[in-house]
Amino acid sequence: MTSGERSGVPATRLGMTSLTSADIAHLRTGAQFLACTIDPTSTYIYAEMIQSAMVSGQVQLVDVESLDPEDLVVATGMVTQGLFIADMPPVGDEFLSCISAIETALSRKVQAVYSLAAASINGIVPLMVGLQSGLPVVDADPMGRVFPLISQTTLHIGEVGISPIAMMGVTGERAMVEAPNPQRAETLVRSLVTELGGWAATAMYPCTAGELRMHGVRGTVTRMIRVGEILDADESVENKYRRLIELLKAVRISRARVQHIESLSRPTGLGLPAQPSSMTLIDETTGQIIRLEIQNEILLVLVDGAVAAAVPDIVTLLSPEYGTAVSLDDVGVGTVIDVIAIPAAEAWYSAPGLELAGPRAFDIPLDHPRRNA
Amino acid sequence: MTALEGQKILHSSGSRAGSLAEAVDQTLAQLHSLLHNDPLRPVTEITADVGPLLQTRSPAEVVAIRVSPRPPADAFHSTSLPSNAASLVRRAIHVRGGHDVRGRELAPLGLEDFVAELPSIVATGIRNISITGVGSIAATAHEEAVADALLSQDSDMRITLSHGYFSNAFRDRDYTAILNSALSATGDELATLLERSCRRYFPSAALCYAKNDGGSGPLSLLSTTPVHGLFAEPAMRILGCATLTGVPDGEVILGEDQGVSVGLTRHGIPVASSLIRRGHGASLASNAAVHAPYTRNHLLAPDAVSVIADLRQSIGAPLPFGLKPTISIRDDVALVGCAAALLTGWIDRLESVVNEADLRRAQHLAEEDAQSMTVNLGAAPGNTRIIESSASSVAYSYPGIVRVRVRAAGTRAVADSEVK
Amino acid sequence: MRRPGQGRRLDLSTVLARGSLRSTTALYLAPSSTVIDGVMIVPHLDAIRRVPPNTVVVLSTEMGAGGWLVSAALRHAWERRSSAVVVPESRYSSTVIGLAERLDITLLAAGQDPASVALDLAAEIGAARSVVDVQLANLVRALIKESTVTGVLRGISQHLGGILIALEYDGVLVASAGSTGKDDGQVSVDLRSQENSSRGMALTAQIPADEAYDRQFVRTALEMAVPSVQSAWLQVNSREDRDAVPSAALVDLTPFDTAADDKFEDRHRHLMTELGWHRGQRYVAVWIWHDPNEPHRLERTAVLRLLWRRVGIRRPLAEVEEGWLSIIPCEEDQRVAQLQQRVNAKIGRALAEFHLAAGLSRWQAENVTLPAIVREAKIAAECAYLTGPGNILAFGSLNVQAATFFMNQETIQQVAHLALPQLMAAPDREQMISSLASYLDHHSSVSSAAKALNLHRNTLQTRLHRARELGVPLDDPHQLLATHMILHVLNDVTSRTTRHARKDSP
């Protein structure tokens with residue numbers, strides 16, 4: 001996509017776009033849509049902060065292709081375990097400190113930042129970091145969605161190193177983690193996060209722009225903005241759906257009414273943040289019974305007991321009445337929702353991808369329908 | 001004013017008076033002459049919707065105290081409040097402290113520094129204080145310690161602690177606490193006024209104010225939690241329509257001059273959510289009836305009973321979306337709702353559980369607490385029931401953290417005739 | 001399970017009203033009348049795919065633990081036209097019941113252990129077919145207590161007067177109990193009726209001809225025992241699966257790096273502990289090889305494990321790629337030969353029937369790493385397979401000769417590493433290899449070889465002498481061909497890598 005297509009602001013250099021306040025608003029919507037299970041409040045807070053800060057600065061979005069392949073880029077994002085970001089948003093110095101810790105550790109200057117995950121809070125955080133640091137934000141990320149573990153990335157599949165990881169916690173305490181194995185890094189970072197107060201601002205996966213281009217998921221920031229443009233548009237719900245399905249190759253699995261919600265609905269043995277729950281819905285047109293299995297994310301959709309979508313597919317919810325993103329918090333018994341499945345980045349359907357983020361990685365003893373397909 | 005008996009409107013009238021006190025007095029006098037002579041129809045309860053008054057009265061200024069591990073490092077990282085609340089904050093003070101979702105202390109409370117600031121707070125002359133602490137929904141100690149320090153300096157302070165208003169977001173609780181604090185003087189004044197007039201005409205009636213969730217609370221609480229009565233009107237309309245049509249469970253579609261909206265009732269009480277959202281900004285952390293614009297895409301549940309109420313003052317034109325009204329009312333149906341409102345109490349809390357049995361236990365405890373809360377509001381112990389109870393896991397919080405939410409409703413021992 | 005003749009079929013509503021399903025709670029009853037031909041306990045989702053029509057599907061306790069699993073199971077059962085699904089009693093949301101209603105399949109909740117419901121039902125199915133017999137019910141009750149396959153077989157045998165009861169797989173005996181007499185007739189029931197599969201497991205009874213044994217009665221007894229056998233089978237297999245994990249993990253640790261081998265124990269201390277490996281303890285590996293071109297069949301592992309017990313070694317058999325593996329402690333040289341004989345005697349015929357072959361590693365006095373013995377056993381097994389299914393070879397008897405079985409260079413190199421470790425570790429190995437290869441090329445003529453290599457005769461002599469010291473069998477005519485092959489391959493590889501290096505340098 002070229003910058004001229006989307007934004008009124010002219011490109012400052014080839015492949016680089018200055019984001020507008022409207023872009024931020026759309027990105028907020030897109031970031032919420034792609035991660036409907038997560039309370040969007042912290043994303044709203046960040047969007048508001050960015051929009052007010054844009055009065056005195058600019059956010060530059062850059063295509064990974066237009067960076068020098070040797071440029072050092074780093075992922076920024078929040079890792080949480082025990083404190084709601086909406087209850088205590090970062091005070092403002094955390095990410096800059098993390099970036100400078102990475103620069104010191106590697107004796108190199110960071111040339112651009114990218115999102116740890118292209119949805120929810122981590123989809124928007126790097127824009128504030130870019131605004132504060134003056135660094136461009138790369139239009140790519142290592143998940144192409146949100147996964148609960150920092151080891152669940154396409155960079156991990158591509159064997160790009162996760163370390164060093166710079167962290168700064170709620171009280172301003174700092175830590176640096178060096179663990180070559182991303183799974184170990186996840187364990188260490190998660191336990192440190194609890195000790196640091198419940199969340200940490202982090203910078204990790206320092207790599208070259210060339211590596212990010214090769215192993216990251218590209219165009220994902222633009223995708224969030226595009227999704228937001230569609231959902232925020234003042235047009236019929238049908239039109240929004242048509243455009244959304246075209247953009248995301250999405251499938252509407254069902255339009256159904258919530259019948260039952262259940263917490264701690266199945267046994268789990270893994271160290272995943274938060275516990276599982278389930279939701280059962282009835283499609284009133286077809287009579288189909290839809291079952292959603294949730295643990296941080298919607299992991300599995302069964303239609304009359306048959307698998308309709310499974311992680312790493314992105315499963316999200318839309319309001320058929322307003323054509324807007326639905327937050328799981330607002331869904332109660334009686335709510336009618338559209339269940340939408342979006343294919344994840346292709347890398348997730350490879351054998352190592354499914355190993356890392358397929359149903360079995362979430363303790364669901366099923367093979368993804370695309371395994372060996 | 002509307003007097004209601006069962007599902008029937010006994011009397012309805014408006015009044016014109018010079019002052020609020022006069023208007024209240026006139027209304028109650030009218031009611032007294034209408035009903036008092038009939039000993040078979042005692043007035044047991046009077047419920048007032050004070051929302052419109054609270055909204056029009058100018059709120060007081062507030063000192064906002066915020067407890068968190070670190071203050072914002074720059075202007076952009078301080079969360080912004082909706083303009084109606086931001087303009088009320090004369091002074092904002094940061095105190096070090098706060099807790100995580102499990103109630104673990106994030107930083108020791110910076111009480112000494114705060115105590116040093118106390119004289120300057122008192123010097124502002126402002127008596128309305130809001131205190132919001134990070135993690136106060138999991139641990140209330142820091143908010144309470146700051147409040148104690150303030151009261152020891154000046155016992156006349158009207159303090160709102162944010163943990164009484166459940167939200168995972170600091171800014172929601174902050175906003176709610178500030179607004180509540182700003183309204184508490186007005187609430188106090190209205191409560192006194194209503195109390196005085198009602199006592200004159202109906203000395204034995206229980207006095208209540210209508211709440212945002214479609215329930216009622218004793219008038220005595222209007223001065224401490226006025227925010228819960230700020231937006232009661234939509235809830236009361238939904239309840240009013242459901243009461244008049246005798247539909248306890250179903251959808252209530254309100255056709256009004258300003259547009260069509262839809263709400264839900266369950267067990268005869270409006271379905272509520274814990275926040276009143278305002279776009280992408282801070283939400284008001286008060287239970288409120290779910291009430292949304294009606295669109296042509298609205299899907300009716302096939303087996304649900306719907307009330308379609310034509311509440312428009314202009315008669316003749318059909319309702320939009322081809323809706324056929326099941327009832328047409330010109331009277332203020334919100335007042336019918338007020339008269340029918342039950343006492344409601346709710347529990348919203350985070351619990352740490354290890355297994356399903358634990359979860360059930362936590363939920364059961366919350367149900368008992370909600371019922372005793374309703375009894376404390378004035379319901380007869382045998383007349384309470386749970387109208388909503390859920391325990392849900394919170395994504396990306398901490399293993400074992402669940403949010404337990406319970407609503408209970410109750411009636412007084414005798415409730416034949418209710419009046420507003 | 002065998003399909004009975006019309007008219008003798010059980011009807012679901014009768015079984016619910018008066019029969020063995022009386023104790024269950026009906027969460028949903030399909031209004032249409034349903035017959036029952038069989039019952040099956042399913043421990044995991046995939047197992048339902050093998051259920052024949054008109055079967056009552058009983059979900060194991062673990063399966064019932066997640067509501068979604070029940071939903072998925074209902075779906076599978078519906079696709080398989082099952083008679084009913086029995087789930088452990090638990091909190092079931094109205095929507096699970098709603099799904100049963102939607103699919104119109106009966107859903108029952110069992111208050112007791114679902115397995116015992118299945119067994120009771122199995123007894124009833126049998127009872128419906130023959131005349132009701134209290135004996136049969138007693139048999140089933142006795143079998144519930146048994147947790148091993150042999151235990152269950154013994155139980156059946158005892159109830160039927162000590163006759164031989166055998167569990168067979170593709171006609172091969174995998175476990176048995178009781179004794180056989182002369183002129184016995186045979187009654188056999190399929191353990192798993194897999195459609196489209198001519199092979200499978202069968203439970204067989206040898207019925208003495210001279211006694212008044214009722215064939216139908218024996219058949220019914222066997223049919224009723226099927227769920228018990230299945231249940232024991234599953235239990236044993238899942239336990240062994242767990243025990244075999246460390247052995248299976250060894251196979252992945254195979255890089256040919258002597259330096260790494262030295263530190264192997266340090267790097268994999270955890271794995272070694274899991275294996276019960278002791279420093280200084282000697283081990284021998286047994287590899288059972290199957291033709292990689294043959295389709296893999298899940299139940300074969302379970303069958304082999306039962307057979308493996310006959311060898312009398314209490315070490316788990318791990319399923320690995322290209323076969324099965326067991327690691328056995330072994331303190332002295334002769335034990336390897338004994339083990340080879342024992343394997344041959346006990347399961348040699350079965351291996352032949354299944355088109356499998358086995359290989360053993362060498363006993364070595366010095367400390368050798370586990371991956372090395374695993375490779376030896378694997379190579380020996382593959383050699384054995386190439387000589388014919390059912391054969392069992394020990395690497396010790398093969399040594400360099402193993403090379404002659406293989407045409408692929410990679411395996412020959414592996415053989416070289418195992419059989420000629422000193423040569424492979426020698427600093428001048430390239431020089432040695434090219435000299436030795438040339439020597440053998442020239443039919444062991446020192447002069448011709450020296451000339452071809454452009455070396456002095458004495459120099460070559462010195463190298464040959466050193467090669468003998470390094471253990472290269474230059475003088476044993478039996479091993480000469482294999483040695484020659486190995487050296488050729490090594491020489492090829494060496495010269496190719498040198499050429500490569502030259503081409504790459506500017």
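Trainee: How many bridges join strand β6 of chain B to β7(B), and what makes two strands a pair?

Mentor: Four bridges join β6 (residues 128-133) to β7(B), and the two run parallel; because two strands pair if DSSP finds at least two bridges between them, β6(B) and β7(B) count as a pair. Strands here are DSSP runs (E, at least two residues), helices are runs of H or I with at least four, and both are numbered from the N terminus. This is a predicted model, in which local features need pLDDT of at least 70 and side-chain atom pairs count only at pLDDT 80 or more, while totals for chains, interfaces and linings use all residues. Residues are numbered from 1 along each chain as its sequence is written, and chains are lettered from A and ligands numbered from 1 in the order in which they are written.

Trainee: Which strands form the open sheet of chain B, and which are its edge strands?

Mentor: The order is β5-β4-β6-β7, with parallel pairing, and β5 (89-96) and β7 (158-161) of chain B are the edges, since each pairs on one side only.

Trainee: How do you know the direction of helix α5 of chain B relative to β6(B)?

Mentor: Axes are lines fitted to C-alpha atoms, for helices over the stretch in contact, and angles run from 0 to 180 degrees between N-to-C directions; helix α5 (residues 141-153) runs at about 155° to β6(B).

How values were computed. Two residues are in contact if their C-beta atoms, placed from the backbone, lie within 7 Å.
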